[in-house]
Amino acid sequence: MSKNMYQEAWNYALEELHNQYVSEDRENEFIFNFNINYVGDENNIITVCVPSPFMKNQVTTKGSLEIIQNKLREVTGLNDLTLDCIVNKDFKPADSNSDSDDDKSESKALESTPAAPQPKPAAATVSNSKIEENKEPQNHPPLKKHPQLSENFIFENFIPGDNSMFAYNAAISVAKEPGKARNPILFYGGSGLGKTHLMQAIGNYIYNQNPKLKICYISAESFTNEFTDSIRTKKTQEFKNKYRGLDILLLDDIHFLQGKEQTQEELFYTFNALFEKKAQMVFTCDRPIREIKNMADRLVSRLNNGLSIDIQIPKFENRYAILQKKIELQGKQLNPEIIEYIAKNIETNVRELESALTTVFSYEELTGRPLDLDSVKTILHDLIQTNNAENISLEIIQKVVADAYQISVADLKGKKKDKKYVIPRQISIYMAREMTEMSFMELGNEYSGKDHSTIMYAYKKIADLMKTDPSLESRIENLMREVKEYKK
């Protein structure tokens, strides 16, 4: 590789682009999406580097490499000039100014001077009061790491709120007395709400108390694959001995078993064997077990004999507290107005909140620039855009509701008056009014030309029912979350 034949052209191109973005009031966008260093060049191929796979994906998908390449071709007149991007973990942001070395050193010294620490924002009142009322086990990170469990999934790292307090307390109870009153226990709800966290927290706590117990955490998909492989290799007895000899079974995402008759049958007999010996079983699912299609009745019956708990979407106060805890665990600080902005604009699940924090802190670390609300709005624009109503269509709402109630979209929109169709139809109308800008008259046209007064009645009926039926309110909140996540 030659020694920087195109280095000067690179610097000029970046400076031109920087000035362009500044003139368009998009400097924060430039800082984040053009955080790229020149490495060298050979045969009209310029090698550049970024500090992580995350940033490589960022500069590729955002078109930053293509923009620079086009600018370089314009500057040099070479239409075959191309860029090759690599990841370099020792990457340091390039100094964009042309000051003398002494000036640069002084500037860097000033930039590296730590800012005065910000006071930690007070945690949200609702969540704090709930946490203080609960007596959680003193479960510090396990002395021994279980090979199948994440050390981060412990009770101290879970922030319970109104949406998950029941599940949290039940999980602690099971961890303290496995195999007793609450067996089996099933946590259900949408993705990223903490089901797997609580499941593994139970396993970590038990393992920390008694490492000799046989504890197995496995996804339903892996369980199915392992069982299928045991049949192929004629080792079904080994499989049975392994799972029926457990003290604790943690089986994640059992909705994966729908339609898999042989695996369901094996789980049924495993369930019976473990229940008889008072081994604790914990399951997770993305919906109530009775709503899973093609699931054997006897297995559903067994799972329903235990404790089933719905984990709902966290409210604003809980989302704020979750963000604070995640920030604290990373040993970082963040302006309260930024935390509030993220908590208000990302409503779907905890995983999205974590993704937002990762993106924000990556920006700060890779650019060396302090975070402010304006820069965070730019950085999180795409992530937050997927949570906004402008991305939600009536078609998606209808499909999600129809799938949930196992009917066709045509029947959902049609005129059939069976309860099987009327309730989901009214729910979809309620959701459409809440999640889109459509009027009652416009909705009437989309539902077989119904009169707008009929649409108003459907909306009001569901709104009234939700006030007296918490389970319906929870169901609709989860459906709304599914709609928001549909395009992801």
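Tutor: We begin with handedness: a crossing is left-handed if the near helix is turned anticlockwise from the far one by less than a right angle, and right-handed if clockwise. Helices (H or I, at least four residues) and strands (E, at least two) are DSSP runs, numbered from the N terminus. This is a predicted model, in which local features need pLDDT of at least 70 and side-chain atom pairs count only at pLDDT 80 or more, while totals for chains, interfaces and linings use all residues. Residues are numbered from 1 along each chain as its sequence is written, and side-chain values use heavy atoms, with hydrogens and water left out.

Student: How many helices and strands does the chain have?

Tutor: The chain has 23 helices and 8 strands.

Student: How is a pair of packed helices described?

Tutor: By the angle between their axes and the distance between the axes. Axes are lines fitted to C-alpha atoms, for helices over the stretch in contact, and angles run from 0 to 180 degrees between N-to-C directions. Take helix α13 (residues 316-329) and helix α14 (residues 336-345): their axes come within 9 Å and cross at roughly 130 degrees. That makes α13 oblique to α14; angles under 35 degrees count as roughly parallel, over 145 as roughly antiparallel, 65 to 115 as roughly perpendicular and the rest as oblique. The crossing of α13 with α14 is right-handed.

Student: Which residues of α13 and α14 meet?

Tutor: Contact means heavy atoms within 4.5 Å. F316, R319, Y320, L323, Q324 and I327 of α13 meet P336, I339, E340, I342, A343 and K344 of α14.

Student: What about α20 and α23?

Tutor: The axes of helix α20 (residues 419-435) and helix α23 (residues 470-485) come within 11 Å, crossing at roughly 60 degrees. That makes α20 oblique to α23. Here α20 passes α23 in a right-handed crossing. On the α20 side the contact is made by I427, Y430, M431, E434 and M435, and on the α23 side by L472, I476, L479, M480, V483 and K484.

Student: How many disulfides are there?

Tutor: A disulfide is a covalent bond between the sulfur atoms of two cysteines. The test is a pair of cysteine sulfur atoms within 2.5 Å, and a search of the whole structure finds 0.

Student: Is C49 buried or exposed?

Tutor: Buried means under 20% relative accessible area, exposed over 50%, partly exposed in between (1.4 Å probe, protein chains only). C49 is buried, at 5%.
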